Amino acid sequence: MPDLYGIGPSGAARLLGDIGDISRFRTAAHFASWNGTAPLEASSGDQHRHRLSRVGNRRINRVLHIMAIVQLRRDTPGRAYYRRRLAEGKTTMEALRALKRHLSDVVYKRMLRDATAARTAGTGPGGHTGATLQSSADGPIPTAASSDKSQPGPATRKPKANLAITP
């Protein structure tokens with residue numbers, strides 16, 4: 001996840017922590033509705049507009065917003081997408097909303113692909129990916145290392161000096 005431009009370690013942790021199992025969302029539209037990037041119709045008469053949704057998971061929406069702003073600062077596919085929306089006649093806020101929705105779809109597809117790859121990789125005997133029957137800490141037959149062996153004998157004691165005060 002951190003290799004998606006604009007998502008750092010904390011953003012990736014927020015996505016993984018809040019979303020959990022991505023397969024609970026049937027479609028990218030369902031995911032966008034849940035995270036608040038799905039547009040709401042705000043049309044009137046001949047004017048067809050969409051506005052930003054104020055519902056949904058605000059923490060995930062913030063991660064996507066930061067991702068969008070970071071992508072706008074550099075020459076990235078997100079910036080090209082934003083400029084195409086501006087060329088279509090959208091306002092800057094409408095183009096930003098469209099970019100956030102697009103990035104929501106990108107994150108959804110990436111998480112879905114990663115989850116599928118993890119499932120097909122299989123699980124070990126413990127039911128967890130990467131689990132093995134052998135311990136990685138030591139071999140299958142435990143042996144005593146030199147630090148585990150008992151010492152040859154008791155330590156010698158030195159006699160204590162008598163420090164009693166005489167009257």
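Biologist: How are H3 and H5 oriented to each other: roughly parallel or roughly perpendicular?

Modeller: This is a predicted model, where local features need pLDDT of at least 70, side-chain atom pairs count only at pLDDT 80 or more, and totals for chains, interfaces and linings use all residues. Residues are numbered from 1 along each chain as its sequence is written, and side-chain values use heavy atoms, with hydrogens and water left out. The axes of H3 (residues 58-73) and H5 (residues 92-120) cross at roughly 110° and come within 9 Å; axes are lines fitted to C-alpha atoms, for helices over the stretch in contact, and angles run from 0 to 180 degrees between N-to-C directions. Angles of 65 to 115 degrees count as roughly perpendicular, under 35 as roughly parallel, over 145 as roughly antiparallel and the rest as oblique, so H3 and H5 are roughly perpendicular.

Biologist: How do the residues of the contact of H3 with H5 divide into nonpolar, polar and charged?

Modeller: Contact means heavy atoms within 4.5 Å. On the H3 side, the residues include Leu64, Met67 and Ile69, and on the H5 side they include Leu99, Lys100 and Leu103. Ala, Val, Leu, Ile, Met, Phe, Trp, Tyr, Cys and Pro count as nonpolar, Asp, Glu, Lys and Arg as charged, and the others, Gly among them, as polar. The division is 9 nonpolar, 4 polar and 1 charged.

Biologist: How many aromatic pairs does the structure hold?

Modeller: Rings of Phe, Tyr and Trp (its six-membered ring) pair if their centres lie within 6.5 Å. Phe25, Phe31, Trp34 and Tyr108 form one aromatic cluster. The number of aromatic pairs is 4.

Biologist: Is the pair of Phe25 and Phe31 stacked, tilted or edge-to-face?

Modeller: Planes under 30 degrees apart count as stacked, over 60 as edge-to-face and the rest as tilted. The Phe25 and Phe31 centres lie 5.3 Å apart, with the planes at 70°. The pair is therefore edge-to-face.

Biologist: And what is the pair of Phe25 and Trp34?

Modeller: Here the centres are 5.0 Å apart. The planes of Phe25 and Trp34 stand at 50°, so this pair is tilted.

Biologist: Is Trp34 buried, partly exposed or exposed?

Modeller: Buried means under 20% relative accessible area, exposed over 50%, partly exposed in between (1.4 Å probe, protein chains only). Phe25 has 4% relative accessibility, so Phe25 counts as buried. Trp34 has 22%, so Trp34 counts as partly exposed.

Biologist: Which residue lies over the face of Trp34?

Modeller: A charge sits over a ring if NZ of Lys or CZ of Arg is within 6 Å of the ring centre and within 35 degrees of the ring normal. At 5.1 Å from the ring centre of Trp34, the residue is Arg24.

Definitions and conventions
Helices (H or I, at least four residues) and strands (E, at least two) are DSSP runs, numbered from the N terminus.
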